[in-house]
Structure formats: structure tokens, C-alpha cells
Amino acid sequence: MSAPQAAPFAVLTDIAARSRSLAAGLPEQQQAVELWNGIGFVLAGERYVAPMGEVTEILHVPRFTHIPGVRPFLLGAANVRGRLLPLVDLAGFFDIPRSSRSQRERRVLVVEQGDIFSGLVVDSVLGMQYFATDSFKDSPEGVPENVRPFVSGGYERNEEVWKVFSAVDLLEDERFLDVAQW
């Protein structure tokens, strides 16, 4: 007959004690950083970010029909899933130069506020962006004069400030709504 076997509970207790003695310490607890997020885009070579709730979707620039008798910044209207989407050249509206990005990189930020459904054509879209809320700046530098009424601060990351662009404020602006050329 062999030596008496140890009780199962004693074996488990021994394993637990050896595990604790060899275990590494818990990682240092770090303070959680509160984040703000939005959709990043480029307009005239500058980085902007629109709050998440203001952009319904992002599209490649669809085929569209020109509309006669409208201001040059209104490129035309496109049929997007059975709805007419007016396409507004955002750089043209603000009378600022386009960045040197190619036509293929341009994207449409679809925004909808009440009865207003519109597509804002920007130079490119940089996807979801996250910023520490404590990196907010009230008055970012380098915002063109025409764009300034629609910028409500900015977030700094990697020594670069992303300007917070309010599409809702733009959709409420009379100049944006008045597209008739005369």
C-alpha cells in the first residue's frame, strides 16, 4: 500500500499559497481620463472635429445634378436612398481655399437638423477622434474669420489643436439657408 494521499482541500490550499507567493503585484491604478469624441475632417488644410451627434453619416461624394440659379457653393443635389441631399462645398461657402488633397479624398458629412437635410463637402474625413476633456481650449488660433462663428473651441492633442465645428450652428445660419443667386 502506498503512502496516504493528501486530502483534496489541502492540495488546493497548497496550490493557492504557492500561486500567491509567486504572483506579480497588481498594476498601478491610474486615474481614468474623461474623453470627448467627434468626427475629424480636413478643411482648407486645417483639422476640425464635429461633435458625434451632429453628423448622421459620411459618404463619398455621390453623383449629383447641378441646380441653376443658386450660389456657387451649392454644388447640386444628389439622390441618397430616395432623399434629395443638397451638397454644399464648405470651403466655397466660407470663401477659403481648398487644401491640395485630391478630388477622390473629398467626403460628404451628412447633417440633419429638424427639416434641414444637407451634405457638407470637405477635403477629407479622418474618422472618429477622441480627446481628453481637459485639453479643451476656448479660443483656438488659426481659425479663418468666416469660419470663426461656427467654431466653439478646440481640443489639443500632440501639440495640434483640432477646432470644434458646429454643423448645427451652420444649419441655423441665414447665409447658409439662402442659396438663391439673386
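**Figure 1. An aromatic cluster in the predicted model.** F41, Y48, F73, F93, F94, F150, F165 and F176 form one aromatic cluster. The model is predicted, not experimental. Across the whole structure, a search finds 14 aromatic pairs.

**Figure 2. The largest nonpolar core.** This core holds 28 residues. The members that touch the most others are F41, L90, F94, L120, F165 and L170. Two or more residues each come from β1 (35-43), β2 (46-51), α2 (90-94), β6 (107-113), β7 (116-122) and α3 (167-171). The helix α2 gives the most, with four residues. In soluble globular proteins, nonpolar side chains tend to be buried together.

Figure 3. A second, separate core has nine residues, including V80, L85, F117 and V121.

**Figure 4. Rings around F131.** A pair of aromatic rings is described by the distance of the centres and the angle of the planes. W36 and F131 form a tilted pair, with 6.3 Å between centres and 40° between planes. W36 belongs to strand β1 and F131 to strand β8 (residues 124-132), so this pair links parts of the chain 95 residues apart. F131 also pairs with Y155 in a stacked arrangement, at 5.4 Å centre to centre and 20° between the planes. Y155 lies in strand β10 (residues 151-157), 24 residues from F131. Both F131 and Y155 are buried. For F131, the relative accessibility is 1%.

Figure 5. E46 and K163 form a salt bridge, with the closest N and O atoms 2.8 Å apart. E46 is in strand β2 and K163 in strand β11 (residues 160-165), so the bridge ties together parts 117 residues apart in sequence. E46 has a relative accessible area of 30% and is partly exposed. The charged end of K163 also sits over the ring of Y48, 5.8 Å from its centre.

**Figure 6. R83 over F117.** The charged end of R83 sits over the ring of F117. The distance to the ring centre is 3.8 Å. F117 is one of the residues of the second core.

**Figure 7. The D178 and R71 salt bridge.** The whole structure contains 11 salt bridges. In one, the side chains of D178 and R71 meet at 3.4 Å, N to O. D178 is in the segment after α4 (174-177), and R71 is in the loop between β3 (57-60) and β4 (74-80), so the pair ties together parts 107 residues apart in sequence. D178 is partly exposed at 39% relative accessibility. R71 is partly exposed too, with a relative accessible area of 31%.

**Figure 8. A salt-bridge network.** D89, R98 and D123 are linked in a network of salt bridges. Between D89 and R98, the closest N and O atoms are 2.3 Å apart. D89 has 14% relative accessibility, so D89 counts as buried. R98, with a relative accessible area of 25%, is partly exposed.

How values were computed
Residues numbered from 1 in each chain as written. Predicted model: local features only at pLDDT ≥ 70, side-chain atom pairs only at ≥ 80, totals over all residues. Heavy atoms only, no water. Core = buried A, V, L, I, M, F, W, Y, C linked by side-chain atoms within 4.5 Å. Buried < 20%, exposed > 50% of the residue type's maximum accessible area, 1.4 Å probe, protein only. Phe/Tyr/Trp six-rings, centres within 6.5 Å; stacked < 30°, edge-to-face > 60°. Lys NZ or Arg CZ within 6 Å of the ring centre and 35° of its normal. Salt bridge = Lys/Arg side-chain N within 4 Å of Asp/Glu carboxyl O.
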